[in-house]
Amino acid sequence: MSDRVQRHVVLVTGGTGLIGGETILALAKAGARVLAVVRAHSPDHARARLTERLERSNDFHRGLLASIEALPGDTTRPLFGLSPEALAPVNAVVHCAANTEFSHLEDECVWNSNLSGARHLIDVGHTLAPGARIVFVSTASVTTAPERTTITEDTPYAGHANTY
């Protein structure tokens, strides 16, 4: 375990999802202190929702919970619904939160959720100390065209088939 990772305080969004939950566990196993933003009405509710998700992972063990703090918040709110004081120790953010609903009935909700989350991530970044890192997690599902081919950074944009 490196000293560099031990000093990290990492804010993670989307921790109740697949990628976010596994990211939280990997960071905790590496020695980072993890602050997980969880949609919840109280700290106890946030902790319960996050723990329920993490327990489903093969990498989970109760000892990791000592390095993980669930913070009630919402990425659709300014500063993810957190206070500047809660963000003060953070020196890295891993933004995994997204609404991945593919139903056209949910297009407006998906658009608002994902766009506001990205905008609020920028605002969170402005509150962090210089040198803080931000990782924005996404998937190939954000662009489903062209199909059955490799999409590289040089591939011309061919549109998308869903709001996500």
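Okay, ground rules. Residues are numbered from 1 along each chain as its sequence is written, and side-chain values use heavy atoms, with hydrogens and water left out. Since we're looking at a prediction, local features need pLDDT of at least 70 and side-chain atom pairs count only at pLDDT 80 or more, while totals for chains, interfaces and linings use all residues.

Let's start with strand 2, residues 33-38. Strands here are DSSP E runs of at least two residues, helices are H or I runs of at least four, both numbered from the N terminus. Five of the six residues in strand 2 are buried, and buried means under 20% relative accessible area with a 1.4 Å probe, protein chains only.

What does strand 2 pair with? On one hand, strand 1, residues 9-13, parallel, over five bridges; pairing takes at least two DSSP bridges. In that pair, Val-10 sits opposite Val-34. To get from strand 1 to strand 2, the chain goes through helix 2, residues 18-29, in a right-handed β-α-β crossover. Right-handed means clockwise from the first strand over the helix to the second, with the strands pointing away from you.

Strand 2 also runs parallel to strand 3, residues 68-72, again with five bridges, and there Ala-36 faces Ala-70. This time the link is helix 3, residues 43-54, and that crossover is right-handed too.

Last stop: His-95, in strand 4, residues 92-95. Beyond neighbours within four places in sequence, its contacts (heavy atoms within 4.5 Å) include Thr-13, Phe-80, Leu-121 and Phe-136.

Definitions and conventions: Buried < 20%, exposed > 50% of the residue type's maximum accessible area, 1.4 Å probe, protein only.
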